[in-house]
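Student: I would like to go through this structure with you, a few residues and elements at a time.

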Amino acid sequence: MIEIGPSEVRHRSIGEGTNIGALCDIGEGVEIGRECTLKSFCVIHEGCKIGDRTIISHNVIIEEDCVIGNDSFIGNGCILRPGTKIGNNCVIGHLTVFEGVCSIGDRTLIHAQCHITKGAIIEEDVFIAPLFVGANDKRMSHNRRHVIPFVIEPYKIKKGARIAIGVSVLPGVVIGSNALVGVGAVVSKDVPDNAIVYGIPARIKGEVPEEERL
Ligand SMILES: CC(C)(COP(=O)(O)OP(=O)(O)OC[C@H]1O[C@@H](n2cnc3c(N)ncnc32)[C@H](O)[C@@H]1OP(=O)(O)O)[C@@H](O)C(=O)NCCC(=O)NCCS
C-alpha cells in the first residue's frame, strides 16, 4: 500500500510499500522505489531517482536530477544540490550539504555537518567523520572572474579511505585508497594509497596496516 501525506505530488512514480510523510513536495518525473520512507517536510525536485528501501529523514531538500541508490540513509536537514549521485548502502549524517554534480560510491559513510563541494568524487567504502570541508576553487574567483578564471578543481577520495573529524581538503587533491587522514588535517597535496597523514599541511606519518585495508 502506498501512503501519501498531504503533499503536492505531481506526475511521479512511487513504488509499492513506500511511505511519504506530511507536507512533502515531490516534483515532476521523480521516481521513488519500493519500501522507501520519506519523512515529513522533504522537497524532491524534478527528475530525481531514489532506489528501493532508502530512508530520507525530515527536512531534506533534494534538487534536480539527483540519484540515490538502494538501502541508503539520508539524515535530517541534508541538502543535495542538482546532479548529486549517492550509491547503494550509503549513510549520510544530519545537515550534510552536497553542492552538486558530485558522486558518492556504494557503502560510503559521511557523518554529520560535512560540506561536499561541486564536482567531488568520493568512491566506495569511504568513511568521513563530522565537520569535513572540501574546496574546489583555489583562487576564490568570486566577483573577480574577469581577472581570475573560474576553474573548478574537484578533489577525489578513493576507495576505503578514512577521514577523521574536522579535516579540510584543498582543490584538486587526490586522497589515495585506504589512506587515513588524522584529526584536523589540512590536506594540500595528494596522499598516496595506504598512507597515514595529519597536520597542517598534512604530512605522511605512517602506513595503514595491511589488515586494515579493504
Ligand atoms: C591519526 C591518528 C589515527 C593517529 O593515531 P596514533 O597513530 O595512535 O598516534 P598517537 O596518538 O600515538 O600520536 C602520535 C603523535 O602524533 C600526534 N598526533 C596524533 N594525531 C594527530 C593529529 N591529527 N594532528 C596532529 N598531531 C597528531 C600525537 O600528539 C603524538 O605526538 P607526540 O609523538 O609528540 O606525542 C589519530 O590521531 C586520529 O586522528 N584518529 C581519528 C579519530 C577520529 O576522528 N575518529 C572519527 C570519530 S567520529
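**Working through the model**

Student: In which strand does Val169 lie?
Tutor: This is a predicted model. Val169 belongs to the strand that covers residues 168-169, which is strand S26.

Student: Is Val169 buried or exposed?
Tutor: A residue counts as buried if 20 or more other C-beta atoms lie within 10 Å of its own. Val169 has 27 of them within 10 Å, so Val169 is buried.

Student: How far apart in space are Val169 and Phe132, C-alpha to C-alpha?
Tutor: In sequence, Val169 and Phe132 are 37 residues apart. In space, their C-alpha to C-alpha separation is 8.2 Å.

Student: Which residues does Val169 touch, not counting those up to four places away in sequence?
Tutor: Val187 is one of them, and Val187 in turn lists Val169 among its contacts, along with Val167, Ser168, Leu170, Val173, Ile175, Val181, Val197 and Ala202.

Student: How many residues are in the largest nonpolar core?
Tutor: Val187 is among the residues with the most contacts inside this core, together with Ile175, Ala179, Val181 and Val197. Strand S27 (174-175), strand S28 (180-181) and strand S30 (195-198) are the elements that give two or more residues to the core. The number of residues in the core is 52.

Student: Which strands are at the edges of the open sheet of nine strands?
Tutor: The order is S3-S6-S9-S12-S15-S18-S21-S24-S27, with parallel pairing. An edge strand pairs on one side only, and this applies to strand S3 (13-14) and S27.

Student: Which residue stands opposite Glu31 in S9?
Tutor: Strand S6 (residues 31-32) and strand S9 (residues 49-50) run parallel and are joined by two bridges. Opposite Glu31 stands Lys49.

Student: Is Lys158 buried or exposed?
Tutor: Lys158 is in the loop between strand S24 (156-157) and strand S25 (162-163). Beyond four places in sequence, its contacts are Glu123, Val174, Ile175, Gly176 and Ser177. With 20 C-beta neighbours inside 10 Å, Lys158 counts as buried.

Student: Which residue of the hairpin of S30 and S31 takes a positive phi?
Tutor: S30 and strand S31 (residues 203-207) run antiparallel and are joined by four bridges. Ile196 stands opposite Gly206 in S31. The hairpin has four residues between the strands, and the positive phi, near 100 degrees, is taken by Gly199.

Student: How many charged residues does the shell around the ligand have?
Tutor: The residues around the ligand are Ala129, Ala164, Ile165, Leu180, Gly182, Val183, Gly184, Ile196, Tyr198 and Gly199. The shell divides into seven nonpolar and three polar residues, and the number charged is none.

Technical notes. Residues are numbered from 1 along each chain as its sequence is written. This is a predicted model: local features need pLDDT of at least 70, side-chain atom pairs count only at pLDDT 80 or more; totals for chains, interfaces and linings use all residues. A residue is near a molecule or strand if its C-beta atom, placed from the backbone, lies within 6 Å of it. Ala, Val, Leu, Ile, Met, Phe, Trp, Tyr, Cys and Pro count as nonpolar, Asp, Glu, Lys and Arg as charged, and the others, Gly among them, as polar. A residue is buried if 20 or more other C-beta atoms lie within 10 Å of its own, exposed if 12 or fewer, and partly exposed in between; C-beta atoms are placed from the backbone. Two residues are in contact if their C-beta atoms, placed from the backbone, lie within 7 Å. A nonpolar core is a set of buried Ala, Val, Leu, Ile, Met, Phe, Trp, Tyr and Cys residues joined through C-beta atoms within 7 Å. Two strands pair if DSSP finds at least two bridges between them.
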